[in-house]
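Please read them with the structure open.

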Amino acid sequence: MDNLASMLYKGSGIHSIRATTRDLAEKGLGIMLDAVIIGAGYGGMGAAALLAHAGLMVVVIDQSLLVGGRASSMSDEEGYRWEYGAHSHRLADKGIAGELFRRLGDEINFLPRADDAKLIFKNRLWERPEGPLGYLRTPMLSLMGRLTLIRLLIKIKRSRPEDWYDRTLIEFYRASFTSREVEEVLPLLGISVMCPDPAKVSAGEVIDFIKRMLAAGVSVGEPVGGSVQLFNKLQFHIESRGRISLEEKALELIMENGRVAGVRTDRDVYRTDRVIFAARLPLLFEIIDQAAFSKDFLTYCESIENSSCLSFDFITNYPVSDIKGSILGVDIPLWARFQTNSDPSFTPQGKYLSTWGIMLPWGFDGDPEVVKATEKRLKDTISHLFPNLLPNLTRERKLVMQVMNGNVLTPRQSKPHRPEIVCDSVPGLYFVGDTVRGDGCSGDISFSSAMKAADSILHEKGLRT
Ligand SMILES: Cc1cc2nc3c(=O)[nH]c(=O)nc-3n(C[C@H](O)[C@H](O)[C@H](O)COP(=O)(O)OP(=O)(O)OC[C@H]3O[C@@H](n4cnc5c(N)ncnc54)[C@H](O)[C@@H]3O)c2cc1C
């Protein structure tokens, strides 16, 4: 599935926005590199950019045709930009991705905040409440329900995530409240960390995010132009001191005298005493024997649970809706955006893109019948709420993909249970990505672990105290 973006690229006739990487063979090969980074997603690119920015010589390797991993993006000859599912950044410039860019002396340009975000609840479209006052006023719930919701937010604000990582949101809720009505809106808190099921999501993870959101006063930000903006900037920083090599697969971690000594790929051998593995952890065992790791580490990797989704890009010849903000499902696990309304750079003039994602049921194993039923559920909802969208499509792209390859924030996969960034059994090996112990959720875990790995390496090299 990690390679799905490149398979998609190969099959679609779509042209990469960045298929060319600078040929810096003389820069990387044959000499001792400061670090080799395996994986060019948010995590690997983020870590490499920070190291290159600090003056270290790095090489990033990715087996795909594109940088970006699960957040990759491509443009075609007609002027459409296709994201690998719409991506936004929690807490906008006050969030974790924003912090990484600040460390680079750079920034993410976010779209102006839209004040018309919506919720889908009981088959109706509602204004999305902003902040506690918004929750107090929302007509989605009765007065009693709204008061309970406010009390729940107060309880969240006063709770410590550490006390609740191992318990679910529903346990947290039922410890103090009984309103069935409010229970029905709990998926909204869960989907804020991409695990809408209150009986599955770690209460500690929800508490951590909601507290940070209340403090920041902003929930998400969408980058102008989509994820490509971030990857272009990261690439610029990396190429100041190193290179990115695409369509190159790491095959083996080279060990000498009990520590990392390099990486063998399907093309070359790189000498380095520091390797950052920036892909989901179970893939690690393709390049190094499991015997190098502790039992706990292996058990964690085996127990990693994925989540999958169905994503649609719909193109129409007219705008269908004037909504600029994002749309989230409360009792149906979906998210959507009328992309062109807020960022016309996604489509050629006169064309309008909307992107819709819906979670597939937990434990989805590729069954086409399940995909069909989920597609029907999504399309029935769309037909009810936006009757002019589906009959007027000029183009449709459908993807089945893994959203979370290990950061479904269940108690077992919550922060304290994910492995440390500095590998304790293989000196010179670091882990980055959304399956390791970063902060936040989804892509934020990747960016956060990237900062921690870079800090560690810079500290070891005496470049940071
Ligand atoms: C539809 C969808 C919507 C999402 N929305 C959001 C969102 O709004 N906000 C958010 O924060 N997150 C979102 N996410 C999650 C986010 O995309 C991921 O958390 C993030 O992209 C993970 O980045 P990563 O660098 O950790 O890993 P990846 O993106 O998986 O990158 C790992 C890379 O390693 C490469 N690789 C693996 N093995 C090897 C090898 N042996 N040799 C060379 N290369 C190798 C792979 O090709 C891949 O490119 C979404 C995900 C999806 C699918």
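**Notes on the predicted model**

1. Start with a helix pair. The axes of α4 (residues 96-103) and α15 come within 8 Å and cross at roughly 35°. The crossing of α4 and α15 is left-handed. Bear in mind throughout that this is a predicted model.

2. Now the residues behind that crossing. From α4 come Ile 96, Ala 97, Leu 100 and Arg 103. They meet Gly 443, Asp 444, Phe 447, Ser 448, Ala 450 and Met 451 in α15. By class, the contact of α4 with α15 divides into six nonpolar, two polar and two charged residues.

3. Next, the domains. The assignment for the protein chain gives three entries: domain 1 (4-69 + 82-89 + 227-304 + 408-460), domain 2 (127-217) and domain 3 (307-404).

4. Domain 1 and domain 2 deserve a separate check. Their centres, taken over C-alpha atoms, are 34 Å apart. In the contact, 10 residues of domain 1 meet 13 residues of domain 2. On the domain 1 side, five of the residues are nonpolar, four are polar and one is charged.

5. Arg 167 sits in the loop between α6 (143-158) and α7 (169-174). Is Arg 167 buried or partly exposed? It is partly exposed, because 15 other C-beta atoms lie within 10 Å. Leaving aside residues up to four places away in sequence, Arg 167 touches Phe 172, Ala 203 and Pro 411. Ala 199 is 32 residues from Arg 167 along the chain, yet their C-alpha atoms are separated by 9.2 Å.

6. Most residues other than glycine have a negative phi. Met 194 has a positive value, with phi near 60°. Glu 247 also has a positive phi, near 55°.

7. Met 194 is in the loop between α9 (186-191) and α10 (203-216). Met 194 is buried, because 21 other C-beta atoms lie within 10 Å and 20 or more count as buried. Glu 247 lies in the loop between β10 (243-245) and β11 (250-256). Glu 247 counts as partly exposed, with 15 C-beta neighbours inside 10 Å.

8. Last, Glu 396 in strand β19. Glu 396 is exposed, because 10 other C-beta atoms lie within 10 Å and 12 or fewer count as exposed. Residues up to four places away in sequence aside, Glu 396 touches Phe 312 and Phe 314. The C-alpha atoms of Glu 396 and Ser 354 are separated by 9.8 Å, and the two residues are 42 residues apart along the chain.

How values were computed:
Residues numbered from 1 in each chain as written. Predicted model: local features only at pLDDT ≥ 70, side-chain atom pairs only at ≥ 80, totals over all residues. Helix = DSSP H or I, 4+ residues; strand = E, 2+ residues; numbered from the N terminus. Axes fitted to C-alpha atoms, helices over the stretch in contact; angles between N-to-C directions. Left-handed = near helix turned anticlockwise from the far one by under 90°. Contact = placed C-beta atoms within 7 Å. Nonpolar A, V, L, I, M, F, W, Y, C, P; charged D, E, K, R; others polar. Domains from an automatic or database assignment.
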